[in-house]
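Subject: Structure for you to look at

Hello,

Here is the structure I said I would pass on. Please open it beside this email and follow along.

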Amino acid sequence: MRMSLVHAPTLKETPKEAEVPSHALLLRAGFIRKEAAGIYSFLPLAVRVLKKIEAIVREELDRAGAQEVILPTVQPAELWMESQRWEKYGPELLRFKDRKQAEFCYAPTAEEVMVALVRRDVRSYRQLPVNLYQIANKFRDEIRPRAGLMRGREFVMKDAYSFDADEAGASRTYQAMYDAYVRIFERCGLAFRPVEADTGAIGGSRSHEFQVLADSGEDSIVSCPSCGYTANVEKAEIQRPTGPLGSTPGGKFTSVPTPGKKSIDDVAAFLSLPKDRILKSLYVETDKGAFLVLLRGDRELNEIKLRARTGATWVEFKAGEAKATADARTSDGRPAVSAALAFGYLGPVGFSRKDIRILADDSVRTLADFACGANVEGEHLISVELSDLGITETHDLGMAGHGDPCGRCGGEFAFFRGIEVGHVFFLGTRYSEPMGCRFLDKDGQERPMVMGCYGVGVSRIMAAAIEQNHDGQGIKWPLPLAPFEVAVIPLAADGTIAETADWLYGDLRAAGIDVVIDDRPSRAGEKFADADLIGFPIQVMVGKKGLEQGGVELKVRATGARDLVPLDAAVQRIRELVIAGRRGLRA
């Protein structure tokens, strides 16, 4: 390909709308253009990257035994009603009616359509297992699309769905797809980690996310170097502190005025106490009732763990919606709790509401001589002990973080940020049971199929690769994903330099290398800047000085290394660099 024919409208300035490096560089390097919030057009360079990602995905999915299909992006509401997700999915689901007033949605995922497809044609255990996938556009009406392709509304996604006769077979398929995902991201040249994760809106009994490590990532991950356990902080298990609960006698607490001090930081500063000696009390309502949740002041509540512990499907924080009243008193004279209480002063001492249950995080077990809200506006209690609270058990309800003890072995967690690019789910019968996706087993008994679900964010991989591989000059593509593996850059538009560049370009193409020649009548500095901005992994400069020395200059974009290579050895040297790059090796 010749750069004079490539539609790649580069920009010198970063657009104001850009929020993260990948967003800025994809716009500046002429890969994407915004059409609406969270909706982008993909230009030729982006399409080349997407096609390379798709090729890797297809090869590994086919190798794992999956087969490609093409499903409709417009899906009938009836199927979503069968799965009971039409209302549950929320406003992210784009709903509309056709001219006959029939209800449809634009696919954010394809569980319902895939189940309908399989249940229609698969009736016997002899036809199982079945594993089908597609690569297609999806749409989710995000409330706040941001960060370009990282959190867009329309995106390119690979989603696969497996159907097995029993859990043993489904587990084997799950593992095969997990292994395929590992190969996919290794072949993409990305630094990543598989992590245990929550199943979220998709459902199922277990899942793993595949996270590309990047400082700009939205997701928080912890990993134990001792045993290798890695999980999203929302899922990560923290080792329970040892020792008895509330062994120190209480009853010595006193009330102190803390006017206007509502946050943990404010209270800690005002009382000259560290945050880990303050008890945080949160009032939450769920579909399983109301709870007062207790945590150490330096900890954050993990809503997913709370839902898992209570069996709730939704959790709503009720901070500051109602205030304490003193019209009722406990046996020790403290005001009884009447409602949600004033934000910042809620506490468990004397808590007597039977319709509001108390749940304590394991972090509370380490508290002694601490402070908490007094259930009175502008007051806190100090010198409180666990025995004053009346709690008898604690649970893992907190968000895991750096330095926390691993729930598997007790090792110390290390903290990372990541970008989710893939997710595998063990669905079980979550969709097959309500949608009647059944088969006849060996004994002629009808049973629901056991399912798995597997997604890869194809367009998100493109953005994640940039978040992980860029510098001040532009993109540093891993070679397997680059729009072109090699760029030949002649420093003159005619004469020996142009002829040599054309000859080199032809020989590289003949050697099976994906190469572009920058034949534009532009200044050398502009060509160099665009080559670095676009991120060509291997750049070959053909100039007067190099030819006088009998060679051409090779530059490896990832490292910045430069080398003058004899002209007669240039093709072989470039070919070696390309082969190493295709294998995921750094040149």
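For counting charges, Lys and Arg are taken as positive and Asp and Glu as negative, while His and the chain ends are not counted. Each charge is placed at NZ of Lys, CZ of Arg, CG of Asp or CD of Glu. On that basis the protein chain has 77 positive and 82 negative side chains, and the centres of the two sets are 1 Å apart.

Note that this is a predicted model, in which local features need pLDDT of at least 70 and side-chain atom pairs count only at pLDDT 80 or more, whereas totals for chains, interfaces and linings use all residues. Residues are numbered from 1 along each chain as its sequence is written, and side-chain values use heavy atoms, with hydrogens and water left out.

The whole chain

The C-alpha trace of the protein chain spans about 100 × 70 × 50 Å along its principal axes. Of its 587 residues, 52% count as buried. Buried means under 20% relative accessible area, exposed means over 50%, and partly exposed is in between (1.4 Å probe, protein chains only). The chain exposes about 25,800 Å², and carbon and sulfur atoms supply 49% of that area. Accessible areas come from the Shrake-Rupley method with a 1.4 Å probe, and for residues only the protein chains shown count as cover.

A contact means heavy atoms within 4.5 Å. Among contacts between residues at least 6 apart in sequence, 67% join residues at least 24 apart.

Helix H4 covers residues 111-121, and its buried residues are Glu-111, Glu-112, Val-113, Met-114, Val-115, Ala-116 and Val-118. What do the buried residues of H4 pack against? Their partners are helix H3 (77-82) and the strands E4 (74-76), E7 (130-139), E8 (154-164), E20 (414-428) and E23 (450-457).

The loop between H4 and E7 holds Pro-129. The peptide bond from Leu-128 to Pro-129 is cis, with omega near 5 degrees. In the loop between E7 and E8 you will find Ala-147. Its phi is near 60 degrees, a positive value in a residue other than glycine. Ala-147 counts as buried, at 9% relative accessibility. Gln-101, in the loop between strand E5 (94-97) and strand E6 (103-106), also has a positive phi, near 70 degrees. Is Gln-101 buried or exposed? Gln-101 is exposed, with a relative accessible area of 53%.

Aromatic rings

A pair of aromatic rings is described by the distance of the centres and the angle of the planes. Rings of Phe, Tyr and Trp (its six-membered ring) pair if their centres lie within 6.5 Å; planes under 30 degrees apart count as stacked, over 60 as edge-to-face and the rest as tilted. The structure holds 14 aromatic pairs. In one of them, the rings of Tyr-181 and Phe-185 have centres 6.1 Å apart and planes at 85 degrees, so this pair is edge-to-face. Tyr-181 and Phe-185 are four residues apart in helix H5 (residues 167-187), which puts about one helical turn between them. Tyr-181 is buried, at 0% relative accessible area, and Phe-185 is buried at 0% as well.

The rings of Phe-185 and Phe-210 have centres 5.7 Å apart and planes at 35 degrees, so that pair is tilted. It links distant parts of the chain, since Phe-185 is in helix H5 and Phe-210 is in strand E10 (residues 206-213), 25 residues apart. Tyr-178, Tyr-181, Phe-185, Phe-192 and Phe-210 form one aromatic cluster.

A charge sits over a ring if NZ of Lys or CZ of Arg is within 6 Å of the ring centre and within 35 degrees of the ring normal. Arg-48 has its charged end over the ring of Phe-484, 4.0 Å from the centre. Arg-193 lies over the face of Phe-416, 4.3 Å from the ring centre.

Two buried residues

Leu-554, in strand E29 (residues 551-556), is buried at 4% relative accessible area. Beyond four places in sequence, Leu-554 touches residues including Gln-539, Val-540, Ala-561 and Leu-577. Asp-532, in helix H10 (residues 524-534), counts as buried at 10% relative accessibility. Its contacts beyond four places include Gln-473, Gln-539, Lys-555 and Arg-557.

Regards
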